[in-house]
Amino acid sequence: MTAVSQSRRALVGAELRRFGKFMLHELKPKGRVLTPFNVISGAIMLVAAVLLAIRFARGLGAITNLSQDYPWGFWIGFDVITGVAFAGGAYVLTFMVYILGQEKYHPIVRVTVLNGFLAYVFYAGALLLDLGRPWRVINPIIGNSFGVSSVLFLVAWHFMLYMMAEFVEFSPAVAEWLGWRRVRRFLAGLTLGAVIFGITLSLLHQSGLGALYLMARDKVHPLWYSEFIPILFLVSSIFAGLSMVIFEGTITHKVFRHRVGAALHASHDDIVVGLARIAAGAMFVYLFLQLLVFVHGQRWVYLGTGLGAWYLLEMVGLVALPAALFIQGYRGRDLRVIRTAAVLTLLGIVLNRLNVSVIGFKWYAPVRYVPSWMEIEVTLAVIAAELWVFRWVVNRMPVLGTAVGLVRDQPSREARAGVLAA
Amino acid sequence: MDRRDLLKTMGAAAGAALVSGGLKAEQGEAATAQSLGTAEPVAILVDTTKCIGCRTCEWACAEAHREAGVEFPEDADFSVVRTTSDKQWTVVNRYETEKGIVYAKKQCMHCLQPACATACLTRAMRKTPEGPVTWTEDRCMGCRFCMVSCPFDMPKFEYHSAVPRIQKCVMCSERLAEGKQPACVENCPAGALTFGPRSALLEQARQRIYAEPDTYVHQVYGEDEVGGTGWLYLASVPFQQLGFRTDLGTTPFPTYTREFLYAVPVVLTVVPPLLLALSRASRARAAAQAEEHEEEGNP
């Protein structure tokens with residue numbers, strides 16, 4: 001009896017030691033440490049750490065240009081509102097693959113979900129920097145102070161739940177990395193549920209970010225305010241997310257060439273062309289909606305103003321033009337045109353979200369808000385931190401298709417089999 | 001195995017529906033307090049024709065709320081239009097109007113259905129049944145969504161504090177609890193401020209308009225604006241000349257997000273089963289296709 005339990009204990013001990021060694025090994029950086037990217041991004045993060053220390057010691061006013069007129073600035077308008085739109089690719093792709101069964105896109109699901117998950121962690125996490133009293137952030141989660149009539153309450157809960165859903169969707173990759181076969185089977189069985197829950201949450205909080213401005217109706221410029229902001233935000237998150245997938249994929253393919261698996265390598269161009277087509281479709285729906293809102297809101301009276309030209313630049317130059325380019329790129333299978341279109345689309349989304357939240361917000365105010373260099377610096381640091389974590393994960397876990405640890409035979413089939421068997 | 005799948009989805013949907021539920025109860029709260037007539041909310045009537053611009057109200061406010069951080073600026077200048085700030089809950093401004101100089105006191109309007117309280121996700125900002133809109137420090141997480149939502153831009157934030165607070169007039173709710181009047185009303189030497197039940201004040205305001213129809217414009221600002229406010233104003237000139245927003249409409253601001261919030265439980269309960277069904281359908285099709293392939297000797 002004791003001998004058995006002793007030997008079992010020894011076994012567990014050995015296993016734990018092995019696991020510890022593995023983790024220690026994996027935590028170490030792979031490759032050269034002093035690369036230009038590391039040095040620059042490291043410096044950016046160090047500066048941001050100093051700035052944030054000042055911010056938490058002396059208040060938001062110490063490093064931001066926020067004012068009583070502009071309670072939300074670049075951190076909310078860009079990091080959170082734009083960042084979440086960019087992260088929309090995860091719900092769109094999981095919908096296409098797990099709900100519509102378009103297996104063609106399966107090879108990029110993992111990297112997209114990872115990107116989405118990290119975007120939420122870091123950009124929604126950046127929200128904590130902007131909160132005046134971040135130590136109270138758990139208040140909407142714990143009882144006694146449920147502000148259920150607030151759109152922000154909905155957004156906050158959905159951010160949290162969606163992060164969990166995305167982690168569950170990604171978790172089989174973690175289990176594969178650790179070589180946990182049975183855990184992986186269990187987690188893969190959760191995927192479909194997490195996907196369905198995640199898509200539903202995304203529909204609501206992507207539109208919810210727009211709904212935040214429904215009560216600011218008299219503060220947002222009439223070219224950007226409408227009752228349809230939630231729907232416009234939702235539809236634009238589809239092509240914002242897809243453009244980000246195309247853009248990120250281009251870079252990831254170059255930087256992590258050694259990690260890209262055969263399946264993804266073979267089908268990558270096909271995938272990008274397919275995504276371009278879907279993005280173009282969503283953009284035409286969006287343009288049509290915008291046209292309806294334009295006519296309905298009698299917006300033509302504002303077109304002659306400076307902001308009218310700015311609006312046209314956004315709608316024509318950064319939505320209609322890239323939509324046409326997407327189609328051209330799809331027809332001619334021209335990846336360069338598609339990538340150009342993706343970049344233009346992303347710029348258009350940045351512009352749109354900032355026009356609602358910052359540029360067109362209180363356009364009548366005598367003193368306008370312009371972000372301080374420190375706000376932009378901190379934002380860059382948040383992006384840099386995300387890239388570091390992304391790189392760490394991609395270099396270790398089977399994200400882009402290279403099998404490590406556990407032998408993987410077509411994760412898609414297996415995941416689906418797991419779901420069926422559950 | 002089908003059932004387990006279904007349960008998972010439904011469980012997720014039900015959990016989320018709980019999260020979004022209860023919004024009806026919250027939104028109804030402000031309205032029922034008055035419509036039931038049990039607790040008539042209090043209000044303050046400002047007669048700008050009587051205001052002499054002495055700024056005693058600013059001083060009294062600072063005296064009453066010094067601990068909350070309110071200050072009285074000795075050297076305030078009437079040549080610039082001031083706004084309330086994180087150090088001043090109320091300001092008196094001087095306006096050049098068609099009828100000469102008119103002074104108007106500004107502060108939080110204490111809306112009957114406040115945008116700020118609806119926006120607050122921690123219920124730190126709250127409409128009390130007695131009338132004042134109050135702020136609770138322990139609950140606030142400093143997100144400033146109240147500032148984004150308030151049509152009058154009244155909540156102010158302490159940008160230069162590590163432990164920032166939201167600052168705005170609370171209608172002296174602590175003094176009201178002791179049976180006293182708000183500090184500004186009690187100290188107004190010109191009789192420009194009147195405190196009392198809102199309906200009584202509205203009648204008084206109309207009486208004054210009827211008694212002196214040439215003195216007043218025939219409107220009580222705050223009677224209908226954004227669904228009604230707890231501060232009511234009488235004036236001799238159109239209100240936009242006194243720096244009031246007259247483009248806010250009479251719809252209570254919570255109405256603007258209500259439809260969206262009502263859609264939430266519907267989406268959370270209807271979409272997941274639809275997605276599940278769609279996924280099933282596409283999977284069945286894929287399986288059928290795979291079988292066909294196999295029959296053709298093409299695994």
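**Reading helix packing and cores**

Modeller: Helix 4 of chain A and helix 5 of chain A are roughly antiparallel to each other. Bear in mind throughout that this is a predicted model.

Colleague: What angle and what axis distance lie behind that description of helix 4 of chain A and helix 5 of chain A?

Modeller: Two packed helices are described by the angle between their axes and the distance between the axes. Here helix 4 (residues 89-99) of chain A packs on helix 5 (residues 109-124) of chain A at about 150°, and the axes are 8 Å apart. Angles over 145 degrees count as roughly antiparallel, so that label applies to this pair. The crossing of helix 4 of chain A and helix 5 of chain A is left-handed.

Colleague: Which residues of helix 4 of chain A and helix 5 of chain A meet?

Modeller: From helix 4 of chain A come A:Gly89, A:Ala90, A:Leu93, A:Thr94, A:Val97 and A:Tyr98, and they meet A:Val109, A:Thr112, A:Val113 and A:Gly116 of helix 5 of chain A. By class, this contact of helix 4 of chain A with helix 5 of chain A has six nonpolar, four polar and no charged residues.

Colleague: How many residues of helix 4 of chain A are buried?

Modeller: Ten of the eleven are buried, so helix 4 of chain A is largely enclosed by the rest of the structure. Among the buried residues are A:Tyr91, A:Val92, A:Met96 and A:Ile99. Just after helix 4 of chain A, A:Gly101 has a positive phi of about 70°.

Colleague: Which residues touch the most other members of the largest nonpolar core?

Modeller: In soluble globular proteins, nonpolar side chains tend to be buried together. In this model the largest nonpolar core has 203 residues, and A:Phe170, A:Tyr213, A:Leu275, A:Phe326, B:Phe152 and B:Trp231 touch the most other members. Helix 7 (residues 151-178) of chain A supplies the largest share of this core, 15 residues. Apart from it lies another core, of ten residues, including B:Ala43, B:Leu45, B:Ile209 and B:Tyr216.

Colleague: What does A:Leu275 touch?

Modeller: Not counting residues up to four places away in sequence, A:Leu275 touches A:Leu93, A:Met96, A:Tyr105, A:Ile108, A:Leu242, A:Val245 and A:Ile246.

Colleague: Is A:Ser236 buried or exposed?

Modeller: Its relative accessibility is 1%, so A:Ser236 counts as buried. A:Ser236 sits in helix 9 (residues 229-255) of chain A. Leaving aside neighbours within four places in sequence, A:Ser236 contacts A:Tyr286, A:Ile349 and A:Arg353.

Colleague: How many helices and strands has chain B?

Modeller: Chain B has nine helices and nine strands. Of its 299 residues, 52% count as buried. In helix 3 (residues 56-64) of chain B, the buried residues are B:Cys57, B:Glu58, B:Ala60, B:Cys61 and B:Ala62. These pack against strand 2 (91-97), strand 3 (100-106) and helix 7 (183-187) of chain B.

Key: Residues are numbered from 1 along each chain as its sequence is written. Chains are lettered from A and ligands numbered from 1 in the order in which they are written. This is a predicted model: local features need pLDDT of at least 70, side-chain atom pairs count only at pLDDT 80 or more; totals for chains, interfaces and linings use all residues. Side-chain values use heavy atoms; hydrogens and water are left out. Axes are lines fitted to C-alpha atoms, for helices over the stretch in contact, and angles run from 0 to 180 degrees between N-to-C directions. Helices (H or I, at least four residues) and strands (E, at least two) are DSSP runs, numbered from the N terminus. Angles under 35 degrees count as roughly parallel, over 145 as roughly antiparallel, 65 to 115 as roughly perpendicular and the rest as oblique. A crossing is left-handed if the near helix is turned anticlockwise from the far one by less than a right angle, and right-handed if clockwise. Contact means heavy atoms within 4.5 Å. Ala, Val, Leu, Ile, Met, Phe, Trp, Tyr, Cys and Pro count as nonpolar, Asp, Glu, Lys and Arg as charged, and the others, Gly among them, as polar. Buried means under 20% relative accessible area, exposed over 50%, partly exposed in between (1.4 Å probe, protein chains only). A nonpolar core is a set of buried Ala, Val, Leu, Ile, Met, Phe, Trp, Tyr and Cys residues joined through side-chain atoms within 4.5 Å.
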